[in-house]
Amino acid sequence: MVRGPDGRKPIAGAVVTLANTTFAAMSEADGSYVIDEVPPGRYELHVSGTGYEEAISPIEVSTGPYAITTALHKIATGEEIVVTGSKFPEKRVEAPVTVERVTSDDIKLTGSSTYLTALSQVKGIQYRESGIGDIRISMRGFDSQFNTRMVWMVDSKLAELPGSGLPMGPLLPTPSLDIKSIEVVVGPASALYGANAVDGVVNVLTKTPWDEAGVSVALRIGNQNLADASLRVAGKVHHWFGYKLNAQWMQAQDFRPDRSQPFHYYADPTKGAIFEGDLVANNYNLRSGKLEGFLYARLGDKWYLEAGYGFSYTDAMSATNTGRNELRGWQVHYQTLQLSHPHWFAQVTRTGTDSGQTYQVDGLAKAVQAGGGLAMYTPEALEALRQKLRFIDASQLIDSELQYRTELFHRLRLTAGGQLRAYFPSSSGSYLDDGGGKSIRTIVGGQYVQADLWAVRERLRLVAAVRVDEHSDYGVQVSPKASIVVSPARDHNLRVGYNRAFKTPTILDAYLNIASAAAFGNHTGFVIKDAAGAEVARIAALSPEENNSLELGYKGSIRRRLFVDIVGFYSFYDNFISPLGVAASPAKGTFASFPDGTPTFAGTPVEGALLTYTNFGSAQVAGANAGIDGWILPGRLLLSASASYIRMVSFTTTNAAQKSLLLNVPDVTARAAVTLTDLGLRNSFLRVQGRFQNRYAFASGFWDSSKFYTHGRVPARFVADLAVGYRFQSGVTLSGNIFNVLDDHGIDVLGAPPGGIVGYLQLAYAIQPQAME
């Protein structure tokens, strides 16, 4: 049996091995395991589980059954096992890159309907709430309404929208109940993860039936008419087969924009701009449904096969670079097949989308204005116009990977693999340049290899990797990386690293086509002329952006209780891909055309106008992140705190028509959380957390802080949250959460409605298999 520190709680999914033999097993939900046909003799028993220290004990096996109970103790802070940083299991304190980890307990403490809320306390990220459940993150600057400099994954499978190339984020079909942990690599990672891992990687890791079996239920109610129900059912059949079913339904009413503020007015202000709230169909009612089903099979002792299906349905407001969209019935479907082994990993996943009746609010406002204003439209006529302007998205993405990893001489770890991704966006010309019988097809293939050597055992570690990617539109890109880790003492590591990462233009960057917003992706290039017809600028078609980054960092575990992580970075960006920006405005005397002389949006009211993406030139950016987390009082008082700083060192461009480059993020952010457990009342918990961001300039398409604020910057903001709860012996947990306790009505980013206090009550119940029998 495998038990927790108290000797009573069973631990599922622990790996049990006999050293220097092939005998191994994994513990069941009740902590039991069986290893058959072990010859009599003396052995060394190794037991390890996620989040627990490995237990090693000598045993002597005689003839007949042999029973032993092993108690595992919580792993010391910083010694948690992570896999995303190196595609190999390793201690977080030893990882050659910054890897942040959010546990299932962290997610439960937030009490939110979305796992994304738990990322608010992660060091080194920019966290933005754009509404209830609409949460987005970025790292190391150059933000926009869309974050395209990160790779988002679920269980190492790409979680990306095929029609745009954007992260799924809140549209992900996986409910919070099924998430085991979230690992965040902060910094460039293209050498292992390919295109667009310029600033980092987010990997959501889910639970298998061997990690957690039984039934889990969570019910939430709160203000803003929030009601949320989640269910997870998982089990095993005869030890060799497993199954899992996840479901969630959430509904609420989002915060409304403020009519007295200028942010959410659309169309030509000289003709009477129209307020967003007068146009939306669903009265800001949110609805989100998620459903997943998986089957698992053990093929022998080491091979695992899993097949799954996932679905999500969303009604919500969503900020974009051209205003806000109202998502109405947006669907995501995926099917996945995965085969894994201690040395092998293979998967293929298909993702498809259906945009339902989604439409762009700005486009609707301009159509209403052109039709004589709101007074000319009955509710039925307005709905008919929404239907006419709705987006079409029937896109698909095929993602596949094959990976092999091994360890030689207990010193050298080798990882090699390849990925192939095929994008088949399909909008019928509703928001991409694929109308009139045109089609868009993008194929990306990459191969990578990494060598990880302990040159001097527990003192000097050398890591080198290289990846070669070929893009059907942009050719070959090479991404090397190298790191040196020096350990002057146990659990104290100094590291220096170099990474080259690249960003290829996304589907939206290259093929966007929304005439109502005069927005056109840059896969052709453009010529800009003045009113006299003289050429004033020439914009080349987009090419990949490159980031060469140097890092210097320290990680240490103080008395195995307090983990410290400090890193400084200096990045060199070339061919930087800008946010969506104004390239030509006839009202200001500039006119855009394609290289063949055809005006942009010819024959429309916005002929000659252009918002597009460009390669800006070169930029240098420096910054630092520092954080601590750990138990001040073991098992009682947990502290987490971090601060980040980033600044633009220099920016150069040869194009006089290009504006200055903005980081689009606060230069200073800070966050802290204190968690109290079993203090004064056994099985109780209390968590207080806060986050701060400095004021900052932001410009991306429709959203420009210089237009909306007299001082030209999004104001600084501080938000505090509170969670309190009690765990009953029966398996029931009752908790309450208050977000934005101080009732701050500021915004994290332009496009978000002014928020307020949000409060939840949650009832969670977990039934273990033995309680079901």
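This is a predicted model: local features need pLDDT of at least 70, side-chain atom pairs count only at pLDDT 80 or more; totals for chains, interfaces and linings use all residues.
## An open five-stranded sheet

Five strands make up an open sheet of mixed pairing, arranged in the order S9-S14-S15-S12-S13. Its edges are formed by strand S9 (98–103) and strand S13 (157–158), each of which pairs on one side only.

Within this sheet, strand S14 (residues 179–186) and strand S15 (residues 200–206) run antiparallel and are joined by seven bridges. Ile179 has Thr206 of S15 opposite it.

## The S10–S11 hairpin

Strand S10 (residues 125–129) pairs with S11 in the antiparallel sense, over five bridges. In this pairing, Ile125 stands opposite Met139 in S11. The two strands form a hairpin with five residues between them, and Gly131 in the turn has a positive phi of about 150°.

Strand S11 (residues 135–139) is largely enclosed by the rest of the structure, because five of its five residues are buried. The burial extends to both faces of S11: one side carries Ile135, Ile137 and Met139, and the other carries Arg136 and Ser138.

## Helix H4 and its buried side

Helix H4 (residues 379–389) has Leu382, Leu385 and Arg386 as buried residues. These lie on the same side of H4, because they cover an arc of only 105° around the axis. The face turned away from that buried side carries Glu380 and Lys388, which are exposed.

The packing partners of the buried H4 residues are strand S23 (323–340), strand S25 (359–360) and helix H3 (361–370).

## The second largest cavity

The model contains 12 cavities of 30 Å³ or more. The largest share, three residues, comes from H5.

The lining of the second largest cavity comprises 19 residues, and those nearest its centre are Asn196, Tyr423, His471, Thr504 and Pro505. Sorted by class, the lining has 10 nonpolar, six polar and three charged residues.

## Val466 in strand S29

Val466 belongs to strand S29 (residues 460–471). With a relative accessible area of 33%, Val466 is partly exposed, because this value falls between the limits of under 20% for buried and over 50% for exposed.

When neighbours within four places in sequence are left aside, Val466 is in contact with Ala191, Gln447, Tyr448, Val449, Val478, Ser479 and Pro480. One of these partners, Val478, is 12 residues from Val466 in sequence, and their C-alpha atoms are 7.2 Å apart in space.

## Asn683 in the S43–S44 loop

Asn683 is located in the loop between strand S43 (668–677) and strand S44 (684–693). Asn683 has a relative accessible area of 17% and therefore counts as buried, the limit being under 20%.

Residues up to four places away in sequence not being counted, Asn683 touches Asp678, Gly725, Tyr726, Arg727 and Gln729. The C-alpha atoms of Asn683 and Thr733 are 9.4 Å apart in space, while the two residues are separated by 50 residues in sequence.

Conventions. Residues are numbered from 1 along each chain as its sequence is written. Side-chain values use heavy atoms; hydrogens and water are left out. Two strands pair if DSSP finds at least two bridges between them. Helices (H or I, at least four residues) and strands (E, at least two) are DSSP runs, numbered from the N terminus. On a 1 Å grid over the protein atoms alone, a cavity is a set of points where a 1.4 Å probe fits but cannot get out, and a pocket is an open set with protein on both sides within 12 Å along at least five of seven lines; lining residues have an atom within 4 Å of a point. Grid points are joined across faces, edges and corners, and a volume is the space filled by probe spheres set on the points. Ala, Val, Leu, Ile, Met, Phe, Trp, Tyr, Cys and Pro count as nonpolar, Asp, Glu, Lys and Arg as charged, and the others, Gly among them, as polar. Buried means under 20% relative accessible area, exposed over 50%, partly exposed in between (1.4 Å probe, protein chains only). The arc is that of the directions from the helix axis to the C-beta atoms. Contact means heavy atoms within 4.5 Å.
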